[in-house]
Amino acid sequence: MIVLTNITQLVLMILSVGLFVSTLEYIKKIQIFAPNGLLSWNVMQLNWGQRNQKTLLKPFFKLFSQSGLSTLFVIRCLLLVGLVFFPLQSVFGWVLISLLAVSLLTSSLITRYGSDGSDQMSMLIVITLVLCHLPGLASPRLADIGLWFIGLQACLSYSVAGIAKLASAEWRASTAIRDVFSTKTYGSKKATLFLQKYPAANGFLCWNVMIMETLFPLCLFLPWPYAMIFLIWGFTFHFFTALIMGLNSFFWAFMATYPALYFINHQMPWHLF
Amino acid sequence: MAKLNSTVIYEFIVTVFLACWFLLTILNQFKDTKLAEFIRVKIDVFALIPLWTFFAPRPGKTDYHLLYRDKITEEQYSEWCEMDITEERTFWSWFWNPEKRDKKILSDVVQSLVSCIPDYRKATGNTNLLMFSMPYIIVLHAVSQCKKQSPNVYRQFMLAETSGYQETNPPALILLSVFHQI
């Protein structure tokens with residue numbers, strides 16, 4: 001069994017929990033890949049018909065049946081369980097995470113519709129860990145570079161999301177969260193009623209999200225106790241988006257980047273004050 | 001010495017790769033530019049270059065509805081039936097939410113369809129060619145799998161949107177397809 005003193009290992013373990021849940025969710029909904037399903041390969045292969053990659057990717061196409069993908073998802077679950085017992089720094093641990101990366105890349109060819117930012121963050125982390133821990137070639141410095149890449153991508157994601165919201169009239173008018181929460185797709189009846197009862201909460205929530213997301217990269221430059229404010233905010237934000245909006249996979253994918261933010265903050269040669 | 005060299009070379013290659021990846025991610029955020037479109041269509045085969053503008057600049061504030069009906073005879077049509085897309089979540093959805101996949105797929109497909117309608121209208125003056133687009137085929141495939149009243153029917157689908165729990169606006173029509181033999 002591995003010990004969670006290593007930051008990279010901690011990133012991987014948090015991510016693994018989310019990937020395990022997400023993969024089990026795909027197994028539960030495997031009928032979406034059936035011949036009569038929403039992402040049936042009979043239809044989805046048309047997406048690749050005009051592409052030169054078709055010949056290159058042909059060997060993978062046999063996998064995209066309902067049974068092929070079921071097998072792929074079960075293997076992915078086993079790989080994730082294996083990563084609990086074999087550290088990333090071991091050769092076997094690296095083989096396991098490489099196979100995990102292959103399984104994620106393969107399934108991404110058919111889940112173009114339906115995947116979200118958490119799936120992209122998960123793939124981004126897994127591929128970075130594979131590249132930065134290649135046995136025999138990767139150095140400790142490369143492992144650090146990998147953590148920097150993961151942390152900077154997390155900061156970019158929050159910052160871009162914040163700036164895009166600041167540029168939106170609906171977010172600035174404090175109506176965006178009320179409107180999103182009132183949908184059945186991403187909202188809830190209780191949240192809608194709460195925001196109708198306390199209209200001031202709309203303004204607080206919209207501006208809170210816009211300001212904190214935009215300023216999130218400050219967590220790299222502030223002294224650690226102040227940087228923690230951003231990470232605690234992020235934890236609370238993702239917890240509530242999981243609770244109210246059902247975005248459970250975002251919680252794990254983004255929490256997995258937080259150890260990397262801790263690492264960068266502690267590597268910074270200077271802080272703002 | 002040889003090992004040290006290969007380590008340094010590998011470190012350099014991976015660092016340059018990650019730097020390019022980060023740069024492409026930044027460029028991809030300017031989603032309306034030709035460069036971002038080039039990245040998405042030509043480079044990003046595995047959807048590895050994210051677009052991080054969650055719920056902005058236009059937050060999704062409507063629920064989509066997918067309905068279909070059959071032409072039984074030239075003058076007789078079945079009632080409209082709705083495909084169940086927007087199911088309410090359970091208490092455990094914060095941890096275990098498999099339903100989100102169906103909803104997200106249809107939401108992505110419908111949004112993709114909705115976003116390309118103006119392009120088709122602009123290019124051809126109508127939306128006839130839309131039926132050859134990938135999102136249209138996915139929607140048609142989905143509705144064609146629903147229960148039929150007879151083996152050979154003609155089916156039409158309709159995409160509509162509502163304003164969720166607020167019910168401030170009446171349902172609005174997004175797209176009405178022609179009848180397809182299924």
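**Conventions for every view.** Because this is a predicted model, local features need pLDDT of at least 70 and side-chain atom pairs count only at pLDDT 80 or more, whereas totals for chains, interfaces and linings use all residues. Residues are numbered from 1 along each chain as its sequence is written, chains are lettered from A and ligands numbered from 1 in the order in which they are written, and side-chain values use heavy atoms, with hydrogens and water left out.

**View 1. Helices α8 and α12 of chain A cross at roughly 135°.** Helix α8 (residues 140-166) and helix α12 (residues 200-215), both of chain A, have axes that come within 7 Å; helices here are DSSP runs (H or I, at least four residues), numbered from the N terminus. The axes are lines fitted to C-alpha atoms over the stretch in contact, and angles run from 0 to 180 degrees between N-to-C directions. α8(A) and α12(A) are therefore oblique to each other, the classes being roughly parallel under 35 degrees, roughly antiparallel over 145, roughly perpendicular from 65 to 115, and oblique for the rest. α8(A) passes α12(A) in a left-handed crossing, a term for a near helix turned anticlockwise from the far one by less than a right angle. On the side of α8(A) the contact (heavy atoms within 4.5 Å) is made by A:Tyr158, A:Ser159, A:Ala161, A:Gly162, A:Ile163, A:Lys165 and A:Leu166, and on the side of α12(A) by A:Trp207, A:Val209, A:Met210, A:Glu213 and A:Thr214. Sorted by class, this contact has seven nonpolar, three polar and two charged residues, where Ala, Val, Leu, Ile, Met, Phe, Trp, Tyr, Cys and Pro count as nonpolar, Asp, Glu, Lys and Arg as charged, and the others, Gly among them, as polar.

**View 2. Helices α7 and α14 of chain A pack at an angle of about 30°.** With their axes 8 Å apart, α7(A) and α14(A) are therefore roughly parallel to each other, and α7(A) passes α14(A) in a left-handed crossing. The residues that meet are A:Gly117, A:Ser118, A:Met121, A:Ser122 and A:Ile125 in α7(A), and A:Ser249, A:Phe250, A:Ala253 and A:Phe254 in α14(A). This contact has five nonpolar, four polar and no charged residues. Helix α7 (residues 117-132) has 16 residues and reaches 22 Å from its first C-alpha to its last, close to the 22 Å expected at 1.5 Å a residue, the expected span being 1.5 Å times one less than the number of residues.

**View 3. Helices α7 and α14 of chain A are each mostly covered.** In α7(A), 15 of its 16 residues are buried, which is to say under 20% relative accessible area, with exposed meaning over 50% and partly exposed in between (1.4 Å probe, protein chains only). In helix α14 (residues 248-255) of chain A, eight of its eight residues are buried, including A:Trp252 and A:Met255. The buried residues of α14(A) pack against α1 (7-28), α7, α8, α13 and α15 (258-267) of chain A, together with α3 (99-124) of chain B.

**View 4. In chain B, helices α3 and α4 pack at an angle of about 135°.** The axes of α3(B) and helix α4 (residues 134-144) of chain B are 8 Å apart, and the angle makes α3(B) oblique to α4(B). α3(B) passes α4(B) in a left-handed crossing. B:Val109, B:Ser112 and B:Leu113 in α3(B) meet B:Pro135, B:Tyr136, B:Ile138 and B:Val139 in α4(B), a contact with six nonpolar, one polar and no charged residues.

**View 5. Residue B:Gln29 lies in the loop between α1 (2-28) and α2 (34-43) of chain B.** At 11% relative accessibility, B:Gln29 counts as buried. Leaving aside neighbours within four places in sequence, B:Gln29 is in contact with A:Val160, B:Pro50, B:Leu51, B:Trp52 and B:Thr53.

**View 6. Two prolines of chain A, A:Pro217 and A:Pro199, lie in loops.** A:Pro217 is found between α12 and α13 (224-245), where, not counting residues up to four places away in sequence, A:Pro217 touches A:Cys155 and A:Ser159. A:Pro199 lies between α11 (189-197) and α12, and at 52% relative accessibility A:Pro199 counts as exposed.
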